[in-house]
Protein chains: 2
Amino acid sequence: MTEQSVVAPTITDKLVASREASRHLATATAQVKNAALEAIAAAVLSGAERILAANELDVANGRESGMSEGLQDRLRLTDARLQGLADAVRDVAALVDPVGQVVRGSTLPNGIHLTQVRVPFGVVGAIYEARPNVTIDIASLALKSGNAVVLRGGSAAQNSNGVLVELIQEAIVSVGLPAELVQTIDEFGREGAKDLMRARGLVDVLIPRGSASLIQTVVTEAKVPVIETGAGVVHVFLDASADLDTAVAIVHNAKTHRPSVCNALETLLVHADSAERLLPPVLARLRDSGVTIHGDERTAAIVADVVPATEDDWATEYMSLDLAVRVVDDIDAAMDHIRRYSTHHTESIITQDLTSSERFLAEVDSAVVMVNASTRFTDGGEFGFGAEVGISTQKLHARGPMGLPELTSTKWIVRGSGQVRS
Amino acid sequence: MTEQSVVAPTITDKLVASREASRHLATATAQVKNAALEAIAAAVLSGAERILAANELDVANGRESGMSEGLQDRLRLTDARLQGLADAVRDVAALVDPVGQVVRGSTLPNGIHLTQVRVPFGVVGAIYEARPNVTIDIASLALKSGNAVVLRGGSAAQNSNGVLVELIQEAIVSVGLPAELVQTIDEFGREGAKDLMRARGLVDVLIPRGSASLIQTVVTEAKVPVIETGAGVVHVFLDASADLDTAVAIVHNAKTHRPSVCNALETLLVHADSAERLLPPVLARLRDSGVTIHGDERTAAIVADVVPATEDDWATEYMSLDLAVRVVDDIDAAMDHIRRYSTHHTESIITQDLTSSERFLAEVDSAVVMVNASTRFTDGGEFGFGAEVGISTQKLHARGPMGLPELTSTKWIVRGSGQVRS
């Protein structure tokens, strides 16, 4: 027995340290936070050799364990990707600090001055998959919004994330902030993730990022508040009056611009009165780009080479060059279909009819509803937020693309001069 | 066997019906919603005989089963209380409709018009205790904000709530809205409450109202998003520079104005430099109103007849004429105490010093932080909201007193003219 032994911190120790560190950041100026971000951007570049060596180990392990090429690509870091990450951190530094923004305020009849101001959550937890870029991304967004962050990345990226968190911590400390503002709990494995989900009082909000199954697990197991960033079974409805060129361009853009992301089109609904006019040119353009059409019988009656769509197709987020197509009787049937199968992420109507447009915008209950625009615009960058924390598909706190303000809470400041309640 | 048998609806049937009914309300005008509220107010008065008969049954059952006088009083309805409830429903009708309010908007560089508007959640669940007034209260707030509501009240109020929901449904139907907008699931007992907490996709948000243990159960068991309306271990800190008259008046008001509510004072912290000056007059005034003082040793050294405070006292929400008192070395010690024991509801500093005031307001992490004002002002009515849904002690979605807008979500409306993403 030695006289003293160093005991590795438990996950609770780490979370308590995050909470304590978060206090220092809550009242830090934007100048200090930006200096930290600048130091992180510099560290990502100067530490490239260490990062890439650790990442190579992760990719090699992934290859040996039979990881798919696609997942290996998401896991892989390169000099160019590190440069992109450093640039993204500097972009976050350039954003307006949401902390301290006055949301609303008034002077009450009794003379009390009331102000609602944005404050950091405190400690944000993030659970995500084997994409080391998310480590840098979430850490920089959390720091800018004044939050400490506890990271649980996919185990397949553990070496990469370990080095990245070390570099981030060195950078934070170099500007006088506590290292515990950014911590990983990867060393605690799956049990650690479970503990994080249940850490009431230590974690203020938990953000899962990744596959539908990851998000589902977090949402159903967590005891701490969760912001659900969900899957997108996204619809475009071509109304009877849809303009042909607009329909062709928007459907093509929504499906093929970047098929693997959540705002890509998955199901096309077509008004029966316009199906013969619109479907042949719309689908021909898609096929030129290699899209496979999974259609219902009415679609197959109009265009050739349609894979018969099953019930499963309507509920599927393909994330690939596949599209489900269904001919519907009218706008009510289109909205019924959307109500049944949509994940309430984004839906767009293509129409020249004002009544149809207004009904669709009012009655479709999704985070983003559009008329005559590509669903690909559901994006924090496109909305002018400068950065995107994720796209919320829940209704509490934030819905749709989330920017920095969505990483904050508020508090009420009451300035009195001796008032009591009568 | 009869040829046909009527099968009672399951809880899922009821929730699906709520979801379906909520669609009708989501696009209803304020005029229609106000007509429904007016009909409910009238029904509460015209149906008084039925309500009071059912309530008498509940109170009698409560008395037989040994319910405390206090709980019996909360359960009991009278003609005067029904009049108060009807008036409150009419007050809600008079409030501005939050649905359709534009939160923010802009025109993007590509010409897309972007607007974020308030929309109803859809289906709100409420779990509460044996206070039938909450049935009317929550139902009217939910309807005004465009939401269907599913009610699970305490079993001890089941007869009262059954009649109230019947009357509400008759009133809603009389103005052409579906009865299923307001439903009770009391008939499913405890299992029903559990099903409600787990009804993902059918319930958009769940609001528990009642004791700390009820709220704790809901928060830890629910799989649907919850708004936590929490307990208040509320602090006042008398700084070294606190004005005597202000200190006496605010502490007295915060403790004795209505001791049983969540914004009442529970722990008084006093700067050591002002303890001898302030404690004798502050505590004398409290004792005149019958307050029992639970103090630490330093308090007992200054004033007589102090019940020794234990660790438990610091964490207790007395909700009675009891007060914990502790002398602290300085503002840092005061804020350390608050950080450790507060439920982050409301804290107030009494001071004449600007630095102390600004530090307290910035560093104390509670839903409402005050300077030189009574904690009793943490209230939706006092904040000018016109009504109060509850006081949120969580950081997600809403923090502090919640008004009608906090019963809504938002959605993004995108109006394009053929834009695609490049």
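How many Å separate the centres of domain 1 and domain 2 of chain A, taken over C-alpha atoms? The answer is 36 Å. Domain 1 of chain A covers 11–228 + 403–413, while domain 2 covers 234–377; these bounds come from an automatic or database domain assignment.

A word on the ground rules. This is a predicted model, in which local features need pLDDT of at least 70 and side-chain atom pairs count only at pLDDT 80 or more, whereas totals for chains, interfaces and linings use all residues. Residues are numbered from 1 along each chain as its sequence is written, chains are lettered from A and ligands numbered from 1 in the order in which they are written, and side-chain values use heavy atoms, with hydrogens and water left out.

Now for the place where the chains meet. Chain A and chain B each bring 70 residues to the contact (heavy atoms within 4.5 Å). About 5800 Å² is buried between them, with carbon and sulfur atoms giving 52% of that area; buried area here is the accessible area (1.4 Å probe) that two parts lose on being put together, summed over both. On the chain A side, the most area is lost by A:L396, A:W412 and A:R421, together 15% of what that side buries.

A:R421 also turns up in a salt bridge with B:E382, where the closest N and O atoms are 3.2 Å apart. For a salt bridge, a side-chain nitrogen of Lys or Arg lies within 4 Å of a carboxyl oxygen of Asp or Glu. Inside chain A, A:D204 and A:R19 form a salt bridge at 3.1 Å, N to O. That pair links distant parts of the chain, 185 residues apart: A:D204 sits in the loop between helix 8 (189–197) and strand 6 (205–209), and A:R19 in helix 1. Helices (H or I, at least four residues) and strands (E, at least two) are DSSP runs, numbered from the N terminus.

Ten strands form an open, mixed sheet in the order 10(A)-9(A)-11(A)-8(A)-7(A)-12(A)-13(A)-16(B)-2(B)-1(B), where two strands pair if DSSP finds at least two bridges between them. Strand 10 (307–308) of chain A and strand 1 (102–107) of chain B stand at the edges with a single partner strand each, so one side of each has no neighbour in the sheet. Within chain A, strand 8 (residues 265–271) and strand 11 (residues 322–328) run parallel over five bridges, and A:L268 has A:V325 as its bridge partner.

Strand 16 of chain A pairs with strand 13 (residues 368–373) of chain B, also in the parallel sense over five bridges.
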